[in-house]
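Q: I have a structure open and want to learn how to read it. Can you take me through its features one at a time?

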Amino acid sequence: MSGWSEHTGKAIALDIENVDTDQLIPARFMSTPRSDGYGDFLLYDMRSKGDGTPEPDFPINRHPHASILIGRRNFGSGSSREAAVYALVDFGIRAVIATSFGDIFSSNSVNNGLLPARVSEEDAARLFTLIGDGQIEVSLDIKTTKIRVGDQTIPFSLSPAWAQKLMNGWDDIDITEHHRPAISAYRERRAKTLPWVFPAEETAG
Amino acid sequence: MMTLLDKLWGAHEIMTGEDGRSLLWVDRHLVHEGSHHAFAKLAARGARVAEPRLTFGVVDHYAPTRGLAATPAIARMIETLERNAAEHDVTCFGLKDRRQGIVHVVGPEQGLTLPGLLINCGDSHTSTHGAFGALAFGIGATEVAHVLATQTIWQCKPKAMRINVTGQLALGVGAKDLALAWIAKLGTGGAQGHAVEYTGDAVRGMSMEGRMTLCNLSIEGGARFGMIAPDDTTFNYIKGRRYAPKGAAFDEAMGYWNTLRSDDGAIFDREVTIEAADIAPIVTWGTSPEDAAPVTENVPSPSDASEAEAERIHAAIDYMGLTPGKPLTEVQIDQVFIGSCTNGRIEDLRAAASVLAGRRAKVPGLVSPGSQEIKAQAEAEGLDRVFVEAGLDWVGAGCSMCVAMNGDSVASGKRCASTTNRNFRGRQGKGARTHLMSPAMVAAAAVTGHLTDVRPLLQGRDAA
Ligand code: SF4
């Protein structure tokens, strides 16, 4: 995954609270290998009618080239399924702006280069007014944690750890490999002081 | 003065990174069929599972509950897990293993879940294991791959929150009602960014099953972690379980476990107090767990809510096919489901059976025990007869109709009274309408064919 710090793209509004991970990707699509692409599954049951044909008025159907999504509170609540983030990323979404996010969803996002940008209620309301049901060009800067829309600047919050992670795009496993000695030392200490932590080899049963 | 969270966090912290995250040691890593993305990432790096002895696989999300897998794709998901586990020398409780069941039921049942451990699983309801005083949290696929490769995880320490439940729950009111009550009060984002520790007499008075239900639902209130300090109830539950320490090792462990409690005067970032006696049996009416109310109330009217809320309530009621202002007890149901990692344990089955005994269900339904061991125990106690005689189907163990991945689903437009944890749109199948409630309440709904206050139905019976 390559890091990024600035992005300019078309933003659209998804004016719904509690967009949970089961909405972002219904469970029935989750046995698909990632290499097939998950973009078509994004919000599948919301964007399609009962017979599977697209709902023409649904925001991501009207604006299939959007790369920024403005949502409401508690975006991505629910399950740990990273597939919810794959669906967003494979659709082409780089950032979701909302007043709050599911905890696991935000860490999954950052692990896939998707920015979960938190804004205040007032700023979210401003964005919704600006965008309406159209699309609007928005610029994001992770370094300064600022959103730019026309001549307006809106701050967003993101932990410094996550900002760094999004910008450098490193894989955590590579970073952790550098700490092998510390991990081995910890493991040895744990096995010595609390040996019962390591389950005994299974007996018959 | 330390909180339980501080103690558990400190005990697992290998180091702190420059960015402020902690590198934590993982004592138990539980994987299920959904881990295929993570194993694929591992394979792409040519890496091996770092600690196969601390890693356990369980078939649950796609497990068939009536013999054969419903489709070849479902069978493939199960085979993939079993193959990945075998390739990495990881013990796997597969379909033919008597230890098989839902990962959050099996971990505690097998003694893999112990106080003081850090437990990860690629599943949000990993918070369940916190009921033992463990640091347990759900992770995504990238994190699962990281744990597989390194047996560690990078994590920002959450804030500490305490939910203190004073007094005792009334008869017919249980952990599920308590959990839905606090989520309704604080909202599904209410505990975001926090680890919730549950304290108070009502929690102390709960069995391990009840505590697990409570911690399980923490994630529905936004908390990635739920936890309860261990006590004698915990120790008695653990003793003698397959992977739990035995003999002198158990006593030694207990010495440590007894230190796992928040110090008197420890400061929490947030405190909430709930009076247990105020809680009535609760059902959900909408499409989020926060859409919950005592069964004695009515479906809310959007016109009574603020403008922002009104729209959401309207949409939820519309999806659910309800009428504003209608008494909840007049809502007719089409079917019931009893099971899941929230309420598929032996005590849950007993509670449902105590309502169903000698009665007939007016609607069809499925009862799926949380594990094969629970299934065997329930059959030994004759609970299966109660369910079957009431007209419900007694099926195999797995996630089943909680998430509808194995083919057990609720048809579009149908209404299900369910002991599960998520009433999201389409959770139990496309277009399905889910009402969450306790096992006793589901049993009551089955008997009457509509949402029902279970309390009168318990009169003169031993409520389990
Ligand atoms: S029973 Fe439901 S909530 Fe629990 S692990 Fe299975 S799918 Fe997830």
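**Reading the model, feature by feature**

A: Chain A is divided into two parts, domain 1 (6–170) and domain 2 (171–205). Keep in mind that this is a predicted model.

Q: How far apart do the C-alpha centres of domain 1 and domain 2 of chain A lie?

A: The separation is 37 Å. For scale, the C-alpha trace of chain A spans about 60 × 45 × 30 Å along its principal axes.

Q: How many helices and strands does chain A have?

A: Chain A has 9 helices and 7 strands. Of its 205 residues, 55% are buried.

Q: Which residues of α3(B) are buried?

A: They are Ile74(B), Met77(B), Ile78(B), Thr80(B), Leu81(B), Asn84(B) and Ala85(B). Looking down the axis of α3(B), these buried residues fall within an arc of 150 degrees, so they line one face of the helix.

Q: Which exposed residues sit on the face of α3(B) turned away from the buried side?

A: That face carries Pro72(B) and Ala86(B), both exposed.

Q: Next, empty space. How is it found?

A: Rolling a probe the size of a water molecule over the atoms shows where empty space is left.

Q: What is the volume of the largest pocket?

A: About 860 Å³. It has 32 lining residues, and the closest to its centre are Asp103(A), Ser159(A), Trp162(A), Cys156(B) and Gly193(B).

Q: Which elements give two or more residues to the lining of the largest pocket?

A: From chain A, they are α5 (103–111), β4 (115–118), α7 (160–168) and α8 (172–177). From chain B, they are α5 (141–150) and β8 (152–155). The largest share, 5 residues, comes from α5(A).

Q: How do the residues of that pocket lining divide by class?

A: The lining of the largest pocket has 11 nonpolar, 11 polar and 10 charged residues.

Q: How many cavities of 30 Å³ or more does the structure hold?

A: It holds 3. The largest cavity has a volume of about 450 Å³. Of its 36 lining residues, Met30(A), His32(B), His61(B), Gly122(B) and Asp123(B) are the closest to its centre.

Q: Which elements of chain B supply at least two residues each to the lining of the largest cavity?

A: They are α2 (36–45), α4 (103–109), α5 and α12 (340–343). The largest share, 3 residues, comes from α2(B). By class, the lining of the largest cavity divides into 15 nonpolar, 15 polar and 6 charged.

Q: What about the second largest cavity?

A: Its volume is about 120 Å³. The second largest cavity is lined by 17 residues, with Ser77(A), Gly78(A), Thr188(B), Ile219(B) and Gly222(B) nearest its centre. That lining has 5 nonpolar, 10 polar and 2 charged residues.

Q: Where does Ser400(B) lie?

A: Ser400(B) is in the loop between β17 (393–394) and β18 (415–418) of chain B. Ser400(B) is not a glycine, yet its phi is positive, about 50 degrees. Its relative accessible area is 0%, so Ser400(B) is buried.

Q: How far apart are Thr452(B) and Glu330(B)?

A: In sequence, 122 residues; in space, 8.2 Å from C-alpha to C-alpha. Thr452(B) is in the segment after α16 (439–448) of chain B. With a relative accessible area of 9%, Thr452(B) is buried.

Technical notes. Residues are numbered from 1 along each chain as its sequence is written. Chains are lettered from A and ligands numbered from 1 in the order in which they are written. This is a predicted model: local features need pLDDT of at least 70, side-chain atom pairs count only at pLDDT 80 or more; totals for chains, interfaces and linings use all residues. Side-chain values use heavy atoms; hydrogens and water are left out. On a 1 Å grid over the protein atoms alone, a cavity is a set of points where a 1.4 Å probe fits but cannot get out, and a pocket is an open set with protein on both sides within 12 Å along at least five of seven lines; lining residues have an atom within 4 Å of a point. Grid points are joined across faces, edges and corners, and a volume is the space filled by probe spheres set on the points. Helices (H or I, at least four residues) and strands (E, at least two) are DSSP runs, numbered from the N terminus. Ala, Val, Leu, Ile, Met, Phe, Trp, Tyr, Cys and Pro count as nonpolar, Asp, Glu, Lys and Arg as charged, and the others, Gly among them, as polar. Domain bounds come from an automatic or database domain assignment. Buried means under 20% relative accessible area, exposed over 50%, partly exposed in between (1.4 Å probe, protein chains only). The arc is that of the directions from the helix axis to the C-beta atoms.
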